Amino acid sequence: MGKEEKIDNMIVLDWHMPGSFDPALYIISIGKTRFSLDLVRETGVFAVNFMAREFEEQVMFCGSNTGLKFDKYKETGLTPIDCEKIDCKYVKEAEAVLECEVIDEFETGDHVCFVGKILKFHTFGNKPRLLHLGGRDFTTTR
Ligand SMILES: Cc1cc2nc3c(=O)[nH]c(=O)nc-3n(C[C@H](O)[C@H](O)[C@H](O)COP(=O)(O)O)c2cc1C
């Protein structure tokens, strides 16, 4: 995230949801210990990538390793692409992507919720999307 920072990182999030139709808002929840927390705070943007089942292994890597130690794009082979509306990358292999600008944040215990205004919505494919059940178990949206 953030061309100025020269760090393009990926975090895996179970905790995310739509926040409003009008304006179009999307909310993500990031743990206070995560490296990604300050990246989102400093850049004021984030992209949400919805991934298909075939990328389960790469998703688990991104959700089990920190961007402090790894270049997760390099390690997983996923492809970073410049977002259209924000200074951030999205994942080329994603089925759908939201480009969001942070308009608010609030703390919820050990996590911070970021409210993002959706500036661009991409749909690239229609494969069933990964849904996390717990531990290493996943299912898909259909
Ligand atoms: C399936 C899955 C779901 C996760 N959901 C969340 C979440 O909702 N919020 C969060 O802060 N961390 C979540 N995590 C943990 C982070 O993705 C993980 O700590 C990651 O390594 C943080 O990366 P970073 O240090 O580069 O920010 C999840 C991990 C997995 C595997």
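Contact, as the word is used in this note, means heavy atoms within 4.5 Å. The structure is a predicted model, in which local features need pLDDT of at least 70 and side-chain atom pairs count only at pLDDT 80 or more, while totals for chains, interfaces and linings use all residues. Residues are numbered from 1 along each chain as its sequence is written, and side-chain values use heavy atoms, with hydrogens and water left out.

1. Overall architecture. The protein chain holds three helices and nine strands, where helices (H or I, at least four residues) and strands (E, at least two) are DSSP runs numbered from the N terminus. Read from the N terminus, the order of the elements is β-β-α-β-α-α-β-β-β-β-β-β.

2. Dimensions. For 142 residues a compact globule would have a radius of gyration near 14 Å, and the protein chain, at 14 Å, agrees with this; the radius is taken over C-alpha atoms, and the globule rule is 2.2 Å times the number of residues to the power 0.38. The C-alpha trace spans about 35 × 35 × 30 Å along its principal axes.

3. Burial and surface. Of the 142 residues in the protein chain, 39% are buried, a term that stands for under 20% relative accessible area, with exposed meaning over 50% and partly exposed in between (1.4 Å probe, protein chains only). The accessible surface of the protein chain comes to about 8,200 Å², and carbon and sulfur atoms account for 50% of that surface; these areas come from the Shrake-Rupley method with a 1.4 Å probe, and for residues only the protein chains shown count as cover.

4. Among the contacts in the protein chain with a separation of 6 or more, 59% are between residues 24 or more positions apart.

5. S29 lies in strand β2 (residues 25–31) and is buried, its relative accessible area being 9%. Once neighbours within four places in sequence are left aside, the contacts of S29 are L13, W15, T108, H111, V112 and C113. In the loop between β1 (16–20) and β2 one finds P23, which is joined to D22 by a cis peptide bond with omega of about 5 degrees.

6. Helix α1. Within helix α1 (residues 35–43), the residues S36, L37, L39 and V40 are buried, and their cover includes β2, β3, β6 (96–108) and β7 (111–123). The helix is followed by G44, which has a positive phi near 70 degrees.

7. A47, in strand β3 (residues 45–50), counts as buried at 18% relative accessibility. Residues up to four places away in sequence not being counted, A47 touches C83, I86, C88, K89, Y90, V97 and L98. V97 sits in strand β6 and is buried with a relative accessible area of 0%. Besides A47, the contacts of V97 that leave aside neighbours within four places in sequence include V48, N49, Y90, V91, K120, F121, H122 and F124. The C-alpha atom of V97 is 21 Å from that of L133, and these two residues are 36 residues apart along the chain.

8. Helix α2 and the cysteines. In helix α2 (residues 56–64), Q58, V59, M60 and C62 are buried, and the buried residues of this helix pack against α3 (72–76), β8 (130–134) and β9 (137–140). A search of the whole structure finds zero disulfides, a disulfide being a pair of cysteine sulfur atoms within 2.5 Å. C62 is in no disulfide, as the nearest cysteine sulfur, that of C88, is 13 Å away; C62 itself has 6% relative accessibility and so counts as buried. For C83 the closest cysteine sulfur, also in C88, is 4.7 Å away, which is too far for a bond, and C83 is buried with a relative accessible area of 8%.

9. T79 is found in the loop between α3 and β4 (80–82) and is partly exposed, with a relative accessible area of 27%. T79 and V91 are 12 residues apart in sequence, and their C-alpha atoms are 5.6 Å apart in space. With residues up to four places away in sequence not counted, T79 touches Y73, Y90, V91, K92 and E93.
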